[in-house]
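Trainee: I've got a new model open and I'd like to go through it with you. Can we take it step by step?

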Amino acid sequence: MKGLITICPECQVKTELREITVEFERKGIRATMSGIPAMVCPNCGEEYIPGEIGGDVIDVVSRAIDYLEALLKRSEVRRKELLPDQLTPSPKRLELALAS
Ligand SMILES: [Zn+2]
């Protein structure tokens, strides 16, 4: 793969290919996506996601958050009808993981 950071720029240590979990927060929605390949520094723990993959991940998660936000807005009125006593809204959370 091109564009891989094989040496940590901070520590000058060889990085290792691992699968990591990335968290995003946007529009009050937290999205967690796991199983993302990245080069990880075994010394400082810094994670380097290859540019192409990073762009794709942000793109997919951003769209998912937009869809979820629209869905929540549409269902908000109905939700209030069904649960009139529920004053504290539950946290909005979206999790995406690759099924193995
Ligand atoms: Zn490092």
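This is a predicted model: local features need pLDDT of at least 70, side-chain atom pairs count only at pLDDT 80 or more; totals for chains, interfaces and linings use all residues.

Trainee: Is K27 buried or exposed?

Mentor: K27 sits in the loop between β1 and β2 (29–40). Count the C-beta neighbours inside 10 Å and you get 11. The cut-off for exposed is 12 or fewer, so K27 counts as exposed.

Trainee: What is the phi of K27, roughly?

Mentor: Most residues other than glycine have a negative phi. K27 isn't a glycine, yet its phi is positive. The value is about 55°.

Trainee: And which value is the phi of Q12 near?

Mentor: Q12 lies in the segment before β1 (16–26), and it is exposed, with 9 other C-beta atoms within 10 Å. Q12 is also a residue other than glycine with a positive phi. That phi is near 60°.

Trainee: Now the helix: how far apart are the end C-alpha atoms of α1?

Mentor: Helix α1 covers residues 51–82, which makes 32 residues. At 1.5 Å a residue, α1 should span 46 Å. The computed distance agrees with that: 45 Å.

Trainee: Where is the kink in α1 centred?

Mentor: Look along α1 for a bend of about 45°.

Trainee: How many residues of α1 are buried?

Mentor: Helix α1 lies largely in the open.

Trainee: Which element supplies the largest share of the largest nonpolar core?

Mentor: That core has 9 residues: A31, M33, I36, A38, M39, V40, C41, V61 and I65. Both β2 and α1 supply at least two residues each. The largest share, 6 residues, comes from β2.

Trainee: What does M33 touch?

Mentor: M33 is one of the core residues. Leaving out residues up to four places away in sequence, its contacts are T21, V22, V57, V61 and L96.

Trainee: Which residue in β4 stands opposite T32?

Mentor: Strands β2 and β4 pair in the parallel sense, over 5 bridges. Strand β4 runs over residues 93–97, and with 0 of its 5 residues buried, it lies largely in the open. The β4 residue opposite T32 is E95.

Technical notes
Residues are numbered from 1 along each chain as its sequence is written. Helices (H or I, at least four residues) and strands (E, at least two) are DSSP runs, numbered from the N terminus. A residue is buried if 20 or more other C-beta atoms lie within 10 Å of its own, exposed if 12 or fewer, and partly exposed in between; C-beta atoms are placed from the backbone. Two strands pair if DSSP finds at least two bridges between them. The expected span of a helix is 1.5 Å times one less than its number of residues. The bend at a residue is the angle between axes fitted to the seven residues ending there and the seven starting there. A nonpolar core is a set of buried Ala, Val, Leu, Ile, Met, Phe, Trp, Tyr and Cys residues joined through C-beta atoms within 7 Å. Two residues are in contact if their C-beta atoms, placed from the backbone, lie within 7 Å.
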